Amino acid sequence: MAIMISGASSPLYASRRRKNGITMTLAYLATGFGLTWLALILGVLFWEGFSGLSLRVFTEMTPPPGAAGGLLNPIIGSLVMTFIAVLIGTPLGVLAGTYLAEYGRHDKLSTVVRFINDILLSAPSIVVGLFVYEIMVAQMGHFSGWAGSVALAVIVVPVVVRTTEDMLTLVPDTLREAAASIGLPRSLMIAKVAYRAARAGMITGVLLAIARISGETAPLLFTALNNQFWTNDMNAPVSSLPVVIFQFALSPYKDWQELAWTGALIITLAVLALSITARFLGGQSKKS
Amino acid sequence: MVDVAFQSGSAVSVAEQVDRAKVLQKLRLGDAAFRHLTRAAAVTVLVILSGIIFSLVYGAWPALQKFGFNFLIEESWNPVTEHFGAIAPIYGTIVTSLIAMLIAVPVGLFIALFLTELCPLWLRRPVGIAIELLAGIPSIIYGIWGLFVFAPFLQQHVQPFLIAAFGNVPVLSTLFEGPPYGIGILTAGLILAIMVLPFITSISRDVFEAVPPVLKEAAYGLGCTTWEVARYVVLPFTRVGVIGGVMLALGRALGETMAVTFVIGNAHRISGSILAPGTTISATIANEFTEAVGDLYTSSLIALGLILFVITFIVLAFARLMLMRLNARLGT
């Protein structure tokens, strides 16, 4: 004790204490800084978005400049394209993830696929747009909703591959061995035992993928393009919420800008709801 | 049938054996089919990547053939004379990302330090979730917020101050030269910093948490302050992981499109001042692709995409290698 007291008064100790105090204050400030931005962005978004929110937004088409209107066609367009993208991307991602976790956990192919998949996971989405433009739009000669869906599917795949593999790896091997010991073939074991045990986690992955693509703008800009009107034809350009926000926000018209804010609010609420649901599901799967 | 079974005791009848073989055969086929299906799906991931590379090279070929190496170093971007060079967007991409990393790396590391060492337990989860929510916000939201809220704020309050403060300081005066536009390289860099902050924070928090408590406790036991533990124990132990996380965030910043497109100003020139409008690779593609007329113009834009993909691929590959090294060391 006596040693400590004499140490406390030494200049070296004081300077170490001071250094610690400064850096710890910086850590508090940094956290405050980060949270301030979150509050500022969400605050402005809610303020601007809710002031334009009305039933009309969900029942009317996008207006020409200077007129009143809603966001019905981009909302539907986004929903349809997201749905198709998930329909294409999920099976592909789940199967690939199954291979990585169940069949080839340690083989060379898996190592390469895992590495490439991780790169695709954070590759610039605008490049995906260019890729789909080259293979679909340029070949077919026109922009289309299908091209938009495929571009989004390319973004879905790596997310689902990653979560499927992670969740299947968490399933204890004893479950698999038990299934094998009663004579279940491997494919049935995977479908009936491994998938069932990892189900919550895999659904989380799909939800996260939906959250990810519902805000994606760059890959849609030159695949699905945009459409001022309602369309049932996926072969034609289809409007989507993010692209409409992009176009309207950069326009000089006041009511277009207002609709852009409202659209931004809708997307953010959808994404936040999805990620909170995903977190809830993920938390449950960890507990069980 | 009954006779046979009765006579041979518990032995299985021939017909039953045939049935059994059939079922087994079916299961075996199904098994093999499923196995090959999953393998094919795994290979599809590789096909997607090579498809991206091939289609970009194919699309960029006319421009690369016409301009050759000069494409990388020319500044002019003229759709009328069809003369294109990529150095201005490349410069913008690198400078905006650099500004973003300069701000986001120290702040992100300090937040991670707060979350792992200082934060009371009950607060850890909420703050962690809040930071991750920031990561979940789509980039277009950052873009629209940057355009309508952040850029006017910078123009009215921050940039005039910067110009006045650094106007007479050599070197810095060129950096902060010109009128306060609001939009420009600096604004784009700041928005990117806010965007990548959560990536850096969550990865560094995860790797900080992976440090064996024994190591930290030993340092505390020697009388180290929290800062000394962080600086001399946690950081050296997790260095590869932190570098991996930073590179991952850099990959995001380099390729980010929407947040930047709104606030960069889309000007194809290299300016010494970071207050001036500029452009980035992704912003150029997003702004001009649908309006590009002529094969050479389109091809030049795809060539820009190819350059972006190559840069981000290298950065991301490096990031993954670093993170893999950390995992190998932790033995997971």
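Predicted model: local features only at pLDDT ≥ 70, side-chain atom pairs only at ≥ 80, totals over all residues.
Begin with the interface. In chain A, 79 residues are in contact with 81 residues of chain B. The size of an interface is often given as the accessible area lost when the parts come together. Here the area buried between chain A and chain B is about 7,200 Å². Carbon and sulfur atoms give 81% of that area. Three residues of chain A stand out. A:I41, A:L130 and A:R279 supply 8% of the area that chain A buries against chain B.

Seven residue pairs are in polar contact between chain A and chain B, counting pairs with both residues at pLDDT 80 or more. The rule also finds two salt bridges across the interface. One of them joins A:R16 to B:E228. Their closest N and O atoms are 2.7 Å apart.

Which helix of chain A gives the largest share of the side that touches chain B? That is helix α2, residues 11–52, with 20 residues. What kinds of residue make up this side of chain A? They divide into 58 nonpolar, 13 polar and eight charged.

Now turn to empty space. Rolling a probe the size of a water molecule over the atoms shows where empty space is left. The second largest pocket has a volume of about 260 Å³. Residues from both chains line this pocket. Chain A brings A:L221, A:L225, A:N226, A:V243, A:F246, A:Q247 and A:L250. Chain B brings B:A286, B:N287, B:T290 and B:E291. By type, the lining divides into six nonpolar residues, four polar and one charged.

B:E117 lies in helix α4 of chain B, which covers residues 87–118. Set aside its neighbours within four places in sequence. B:E117 is then in contact with B:K216, B:Y220, B:T226 and B:V234. The side chain of B:E117 makes a polar contact of 3.0 Å with the side chain of B:K216. Another polar contact, also 3.0 Å, joins the side chains of B:E117 and B:Y220.

How values were computed: Residues numbered from 1 in each chain as written. Chains lettered and ligands numbered in written order. Heavy atoms only, no water. 1 Å grid on protein atoms, 1.4 Å probe; cavity = no way out; pocket = protein on both sides within 12 Å on 5 of 7 lines; lining within 4 Å. Points joined across faces, edges and corners; volume = space filled by probe spheres on them. Nonpolar A, V, L, I, M, F, W, Y, C, P; charged D, E, K, R; others polar. Contact = heavy atoms within 4.5 Å. Buried area = accessible area lost by both parts, 1.4 Å probe. Salt bridge = Lys/Arg side-chain N within 4 Å of Asp/Glu carboxyl O. Polar contact = N/O pair within 3.5 Å; in protein donor to acceptor, adjacent residues only side chain to side chain. Helix = DSSP H or I, 4+ residues; strand = E, 2+ residues; numbered from the N terminus.
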